[in-house]
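Have a look at the structure first, then go through the points.

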Amino acid sequence: MSEPETQDARTSGRRLLGGVAGVLAALAGLGLAEGAAALLSGVTGPFLAVGNRMVDAAPGQLKDFAVEHFGTNDKPVLLGGIAAALLLITLVAGAVGVRRPRVGLGVFAVMSVVATVAMVTDRSATAGTGARLVPAVVLAVASLGGLHLMLAALRGVPAASTPGSTPAERSLDRRRFLLAAGAVTVGAVVGGALTRAYGGLAAAADRAGVRLPRPSTPAPPVPEGVEVGVKGVTPYLTSNADFYRVDTALKVPDVPLDTWTLRVHGMVDKELELTYDDLLARDLVERRITLTCVSNEVGGPYLGNATWLGVPVRELLAEAGVKDGADAVRSRSADDWTAGTPLDRLMDDQDEALVAIAMNGEPLPLKHGFPARLVTPGLYGYVSATKWLTELEVTRFSDFTAYWTNKGYDAQAPIKTSSRIDVPDSFARVKAGRVPVAGVAWSQTRGIEKVEVRIDGGPWQAARLGEADNKNTWRQWVFPWDAEPGNHRIEVRAEDGSGYTQTGARAPIAPDGSTGWHSVTVFVA
Ligand SMILES: Nc1nc2c(c(=O)[nH]1)N[C@H]1C(S)=C(S)[C@@H](COP(=O)(O)O)O[C@H]1N2
Ligand SMILES: [Mo]
């Protein structure tokens, strides 16, 4: 082997070690910074802070795309993407840093600054700037310091006999490199362990200790016959475990009870500030309400039906005394998300909106808004269902915009009359003969009056409806189909209590909810 080749091999070996050093330094910095954030309360670590920023910066269409393609997995996909990008950048920065340490360290410094800005301004953090800066300093010191030590060892020290040698000729200081890499690895492991041990949610313990009072006004029993008794149809009541989750929070906001209050303020005569115990002490009503997300495509999964327990919003607003001229309530969450709800929907005494504290007989699950959330019948969640609720501000629509209206969604968003085929599955193979076609239909506040099915564009035929519960819940339906061999297309449409028949015209989810008939194609043999 000739001398230059040996040098090349040495150089590429060092570059590889440089890349490893970059990744290790980043892991140590991130691990220790996340650990520091976990030890402090109300502080967001670098990883989530940057992720939150990306969620907020993403245009509406990208969010739609993510929800549509990754569903509830959109969060792991985003965090995985950030991790992959970091791996690549730190690998390259470390490799380049062997020859040009300033470039490698410079890239790390820029990333540190970006993470620091994200952490200091994170909307889900509640601690002051001083506390928020702690993980930022840890990140900078551990990642830049670690990288510097490892790169110095890799560049080696000039051999005493050859002053003025170029870096490639200097010998790598193996012992020093291993020591530095070892120390950095210990940092990463310690940080990871701290994050695991202290990164849990303090609110979980509070939730476990809650004893729910009995409702003063229980929901009437679920009528018999709400279920049409077909295998594969969405159950009438959605369990908490199966309930869809849609929000902008990468990590479930941690809202312990000791610091939580609900403020009712704005255009009111008298501000209210209620603790969790204040809410529990009030008359609680129980209501079944079907929640729906505006991101639900025709045939999509983003809706669920639960029994909610809470205080009617109307009562809180009446107690505060709404001033003339107000037409909206801006609600705000612990993670600084906002929604604007029409005042008249919240004051309605038929379709009672709740500040809900329980879901299906349990305190609200952390994912679904513990300690309290808004639930408003008849409106898509982004204008009506604020989780981790902290504020109700009585105001005017002309005076504010909210999280999703800033991204091009409409301020007014009543849920559209819709229906879905649950069975058979699209592209299912079924045997000729009697095949039950079944699903759900919903038109919150109006109720479902009729569901019709048609085969291959033929005449619309009435389906049998499951028993109606209330106008704010969905209804199951079933159509006994005499399936003949061949490929068939099945379509469904619903008619609501106002006499309106669901339109077949396709509309996308933006700006105020999708429309169109759901259809499935099946193969009958
Ligand atoms: N704080 C907060 N509340 C929120 C959201 C959010 O992103 N942040 N998303 C809303 C949307 S778009 C919907 S559809 C419902 C979903 O409630 P769920 O996750 O309990 O099903 O929550 C609403 N409440
Ligand atoms: Mo939503």
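1. H1 gives the largest pocket the largest share of its lining, four residues. Helix H1 (3-39), helix H2 (46-57) and helix H7 (174-198) each put at least two residues into that lining. Helices here are DSSP runs (H or I, at least four residues), numbered from the N terminus.

2. Before going on: this is a predicted model, where local features need pLDDT of at least 70, side-chain atom pairs count only at pLDDT 80 or more, and totals for chains, interfaces and linings use all residues. Residues are numbered from 1 along each chain as its sequence is written, chains are lettered from A and ligands numbered from 1 in the order in which they are written, and side-chain values use heavy atoms, with hydrogens and water left out.

3. The largest pocket has a volume of about 810 Å³. Of its 36 lining residues, Ser41, Gly42, Val43, Lys251 and Asp254 are the closest to its centre. On a 1 Å grid over the protein atoms alone, a pocket is an open set with protein on both sides within 12 Å along at least five of seven lines, a cavity is a set of points where a 1.4 Å probe fits but cannot get out, and lining residues have an atom within 4 Å of a point. A volume is the space filled by probe spheres set on the points, which are joined across faces, edges and corners.

4. By class, that pocket lining splits into 18 nonpolar, 13 polar and five charged residues. Ala, Val, Leu, Ile, Met, Phe, Trp, Tyr, Cys and Pro count as nonpolar, Asp, Glu, Lys and Arg as charged, and the others, Gly among them, as polar.

5. Val246, Asp247, Trp337, Gly381 and Tyr382 lie nearest its centre, out of 25 lining residues. This lining has 12 nonpolar, six polar and seven charged residues.

6. Where does ligand 1 sit? Ligand 1 is in the largest cavity, with "sits" taken as more than half of its atoms lying within 2 Å of the grid points. Among the 19 residues around ligand 1, Tyr244, Thr248, His368, Arg373 and Lys387 come nearest; a residue is near if one of its heavy atoms lies within 4 Å.

7. As for polar atoms, a polar side-chain atom of Lys387 is 2.5 Å from an oxygen atom of ligand 1. A nitrogen atom of ligand 1 lies 3.0 Å from a polar backbone atom of Ala385.

Technical notes
Polar contact = N/O pair within 3.5 Å; in protein donor to acceptor, adjacent residues only side chain to side chain.
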